[in-house]
Amino acid sequence: MVNIKHIIVLIAILIAGLSHHSHAGFLDSILKGLGQSPEKGLDSSTIVEGLKEALMTGTDNAVKEVSQVDGYLGNDAIKILMPEKIQTVADVLKKVGYQQQVDEFVGSMNRAAEKAAPMAASSFIDLIKGMSFDDARTILDGGDTAATDYFKGSMFNELYDSFKPSISSSMNDVGVTRAYKNMMDTYTTVPFVKDILFDIDDYVTTKALDGLFHQVAEEEKKIRTDPGARVTELLQKVFSASRERSK
């Protein structure tokens, strides 16, 4: 049996081809009338709502991931390593039998980042809630880390300012300051070494944020590329439509 809807669509396409100046709007109208919107029935509010839901899910997962024990220390991609500026200190101490002090210092930096990470959640929520439709649409149709790039550009400095006191507090709680002092005190007992000035708070704060944004990017990629990561019907709708448009 001939499908009347398909015939109408074909006629619409033929007519549109004869009218170059208005074919897109005319064809869209026909398709919408047949329940075949080029946007798959997604209006602007649905698109924004879906993207915000995705970002809430992704950032929440990322914060939880890095906040757990070994969230930083056990993840080679974001583990906070010995600062390059004081790598000489570590090398000297290892040679004279103080490997344990070096390891304790590295471990304590990562524990501080894990302890401080949860406070970033509210900053992500505020930025997501205030996102405009234009921002949302640009992110939705962007690359696999478009949202993460948007976050970094919009909130890194602000997050740094609010994150640093929390990092400093966490560093005191988990013993980073003590471990750093012990390591540097031991280093200065070695003959012929030079004093080194280093802002450990700045280093750990910056590395902690770099690691957090890395994890946010990983969560964003999952939602964009893995249908199984779209845990609600709205996410499935919005990101499926986005993928279709990008083909």
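User: How do helix α8 (residues 146–174) and helix α10 (residues 200–225) pack?

Analyst: In this predicted model, helix α8 (residues 146–174) and helix α10 (residues 200–225) pack at an angle of about 140°, with axes 8 Å apart. Axes are lines fitted to C-alpha atoms, for helices over the stretch in contact, and angles run from 0 to 180 degrees between N-to-C directions.

User: Why is α8 called oblique to α10?

Analyst: Angles under 35 degrees count as roughly parallel, over 145 as roughly antiparallel, 65 to 115 as roughly perpendicular, and the rest as oblique. The angle here is about 140°. So α8 is oblique to α10. Their crossing is right-handed.

User: What residue classes make up the contact of α8 with α10?

Analyst: There are 17 nonpolar, 4 polar and 7 charged residues. Ala, Val, Leu, Ile, Met, Phe, Trp, Tyr, Cys and Pro count as nonpolar; Asp, Glu, Lys and Arg as charged; the others, Gly among them, as polar.

User: What makes α3 and α10 oblique to each other?

Analyst: The axes of helix α3 (residues 44–67) and α10 cross at roughly 135° and come within 8 Å. By the angle classes, α3 and α10 are therefore oblique. α3 passes α10 in a right-handed crossing.

User: Which residues make that contact?

Analyst: From α3 come A54, G58, T59, N61, A62, V63, E65 and V66. From α10 come L212, Q215, V216, E219 and I223. Contact means heavy atoms within 4.5 Å. By class, the contact of α3 with α10 has 7 nonpolar, 4 polar and 2 charged residues.

User: Is E219 called buried or exposed, and why?

Analyst: Buried means under 20% relative accessible area, exposed over 50%, and partly exposed in between (1.4 Å probe, protein chains only). E219 has a relative accessible area of 8%, so E219 is buried. E219 lies in helix α10. Not counting residues up to four places away in sequence, E219 touches G58, N61 and A62.

User: And why does V63 count as buried?

Analyst: V63 has a relative accessible area of 7%, so V63 is buried. V63 sits in helix α3. Leaving aside neighbours within four places in sequence, V63 is in contact with A117, P118, A121, F124 and L212. V63 and L212 are 149 residues apart in sequence, but 6.9 Å apart in space, C-alpha to C-alpha.

User: What makes N75 partly exposed?

Analyst: N75 has 21% relative accessibility, so N75 counts as partly exposed. N75 is in the loop between α3 and α4 (87–95). N75 touches D70 and Q215, not counting residues up to four places away in sequence.

User: How many helices and strands does the protein have?

Analyst: The protein has 11 helices and 0 strands. Helices (H or I, at least four residues) and strands (E, at least two) are DSSP runs, numbered from the N terminus. Buried residues make up 41% of the 247 residues. Residues 24 or more positions apart account for 81% of the contacts with a separation of 6 or more.

Methods
Residues are numbered from 1 along each chain as its sequence is written. This is a predicted model: local features need pLDDT of at least 70, side-chain atom pairs count only at pLDDT 80 or more; totals for chains, interfaces and linings use all residues. Side-chain values use heavy atoms; hydrogens and water are left out. A crossing is left-handed if the near helix is turned anticlockwise from the far one by less than a right angle, and right-handed if clockwise.
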